[in-house]
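Colleague: I have just opened this one and would like to go through it slowly. Could you walk me through it?

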Amino acid sequence: MSFLRLYLRVLGLLAPERKLAISLALANLALAGVFFLEPVLFGRVVDALAAPSAKSAPRLIAWWAVVGFGGVLAGVWVSLHADRLAHRRRLAAIALFFEHAAALSLGFHSEHHTGRLARIMNNGVGNLFGLWLGFFREQLATLLAIVVMIPLALWMNWKLALLMVALMLSFATFNAVAVRRTHRAQGEVEELHHEIATRAGDVFGNVTVVQSFTRLAAESAALKDMMRRVLDAQYPVLRGWAILSVLNRAASTLTIVAIFALGSALHARGEVTVGGIVSFVGFSMMLIGRLEQLANFISGLFFQSQSLRDYFAVLDERPGVVDAIGAKDLPAVRGEVAFEHVSFGYDPVQPALHDLSFRAEPGTTIALVGPTGAGKTTALSLLYRAYDPSGGRITIDGHDIRDITLESLRWNVGVVFQDPGMFYRSILDNLRVGKPDADHAEIEAAVVAAEAAAFIARKPEGYETMVAERGRSLSGGERQRLAIARAMLKNAPILVLDEATSALDNTTEARIQKALDALTRGRTTFVIAHRLSTVRNADLILVLDQGRLIEQGRFDELIRRGGLFARLAEEGKFAPDAEEVK
């Protein structure tokens, strides 16, 4: 993405408040007028004072004061409203990034570390804010001033103005060369900063592992090595732009000297007055100041450009799963689910599912069993459209789920994961994820049914107790019981238990089994099973192997067949029923 296109895209985010943005642009045009009128009036005042009769001097000074005061008022108005606009749009840019990134596919999030995404959002939004503020405070007035002042300078004295044109060309050349020679290296620097953020986030997210394996010194050394690589890549870039700054300053100084020299020669030949030289020098100093501001802006944009590109790159990512045109809400759900010749693969070369077909009647329990990597979790993730199948279709009560809005589909499918996922919020807030408007009675009923009331009551602040990041302050059983209560509050007619208890010990699982029995009652339930009782009591067992449905039927029927399911049972692949210690 070129500098110009990138900058236009930054300004494009101001579109929701375009009227105010246009008003600020017009105010900047007035400021540009003030910038070139002041040196002209200054020169006229000098000539008027030098004339035998100085009658016009007071009138010119009065005009000068009016112009200056008008510029002050315009500047105050621009500063006040530009600041407010930039702050509002910064918050809007955070919301835009957050909502878009959170809706992207699980595949995207598996490839992008949360630390990296957080850095992209924070740096990108911070740079957007700076550019918006700078645009209305300086950049727009600078561009307008340059556009107005160069023709005016040519009109005032084309010979002196040619020196200014030469200065502009030198600025443009120097900056173009600097950008072309250093942009690749600056991209590497930004990528290294992302790696540092990712590494640090990884350590903070696994601090128990770091401490228990005494990895702190090693992780610190690795981070310091990354920092050294950042500096090794950054120093050549900084050196190049330091040289550019020296060249720009040298060109400006030489131009002023040349203007004085040429102006003196022209004055000696009677082609320009002293006031004309004073006006042009003041004019030139102002224009040089504006050119240097523009050069500083280009330098700043250069160092910010990669973070802005990363920000827009995330916004340009298309969600893997979106509502179809004309998608409708799912009507009242009975719970009949059908997979019809469904195929899917994370990698097209190695499909995870092949031609999967089965039907689940409303209110039945379907157990999925098979070796690790058979495709059980993948199959169930298609039901709530974490991904879309590459072939075939999935229906609920005869409705193709791709013709249903994502919100209504996911609201009708409850999921309890092996890792339930807890937010860094209170217990109450975590429960209300299932039903934001749930009243206290509903929450109490779900908590009691999920066997969670006792442990919540033991917490020092009860429902208001803060849960640590990813639920680390809770035991595995406590997290899972909150997840079950959350699913109960959601009260979805279709339920997915994705190895919801496989990570728990025998005693804890036995305690939770009552809650699970209450949760599944009256719902079409899909469960990835590892307990013998779960498999035995299922209305239908699906046996998967390498993404294919090998067998299906009831427990006794599959045992009699002597196939893969029977072998799994004989080899003790199903854990014995959990028993609660009294």
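Modeller: Let us begin with a definition: helices (H or I, at least four residues) and strands (E, at least two) are DSSP runs, numbered from the N terminus. Counted in that way, the protein chain has 19 helices and ten strands.

Colleague: What should I know about the model before I read the values?

Modeller: This is a predicted model, in which local features need pLDDT of at least 70 and side-chain atom pairs count only at pLDDT 80 or more, while totals for chains, interfaces and linings use all residues. Residues are numbered from 1 along each chain as its sequence is written, and side-chain values use heavy atoms, with hydrogens and water left out.

Colleague: What radius of gyration does the protein chain have, next to a compact globule of 582 residues?

Modeller: The protein chain has 35 Å, whereas a compact globule of 582 residues would be near 25 Å; the radius is taken over C-alpha atoms, and the globule rule is 2.2 Å times the number of residues to the power 0.38. Along the principal axes, the C-alpha atoms fill a box of roughly 120 × 50 × 50 Å.

Colleague: And how many of the residues count as buried?

Modeller: Of the 582 residues, 45% count as buried, where buried means under 20% relative accessible area, exposed means over 50%, and partly exposed lies in between, with a 1.4 Å probe and protein chains only.

Colleague: Now the helices: at what angle do α6 and α8 pack?

Modeller: Helix α6 (residues 158-205) and helix α8 (residues 216-268) pack at about 170°, with their axes 9 Å apart; axes are lines fitted to C-alpha atoms, for helices over the stretch in contact, and angles run from 0 to 180 degrees between N-to-C directions. The two helices α6 and α8 are therefore roughly antiparallel to each other, since angles over 145 degrees count as roughly antiparallel, under 35 as roughly parallel, 65 to 115 as roughly perpendicular and the rest as oblique.

Colleague: Which classes of residue make up that contact of α6 with α8?

Modeller: The contact of α6 with α8 has 28 nonpolar, ten polar and five charged residues. Here Ala, Val, Leu, Ile, Met, Phe, Trp, Tyr, Cys and Pro count as nonpolar, Asp, Glu, Lys and Arg as charged, and the others, Gly among them, as polar.

Colleague: How do α8 and α9 cross?

Modeller: The axes of α8 and α9 come within 11 Å and cross at roughly 170°, and α8 and α9 are therefore roughly antiparallel to each other. Their contact divides into 16 nonpolar, eight polar and two charged residues.

Colleague: Changing topic, how many salt bridges are there?

Modeller: The count comes to 21 salt bridges, a salt bridge being a side-chain nitrogen of Lys or Arg within 4 Å of a carboxyl oxygen of Asp or Glu. One of them joins the side chains of Arg9 and Asp316 at 2.6 Å, N to O. That pair links distant parts of the chain, with Arg9 in helix α1 (residues 3-12) and Asp316 in helix α9 (residues 274-316), 307 residues apart.

Colleague: Is Arg116, which pairs with Glu191, buried or exposed?

Modeller: Arg116 is buried, with a relative accessible area of 18%, while Glu191 is partly exposed at 31%. Their side chains meet in a salt bridge at 3.0 Å, N to O.

Colleague: What about Arg385 and Asp388?

Modeller: Those side chains meet in a salt bridge at 2.7 Å, N to O; Arg385 is buried at 2% relative accessible area, and Asp388 counts as partly exposed at 23%.
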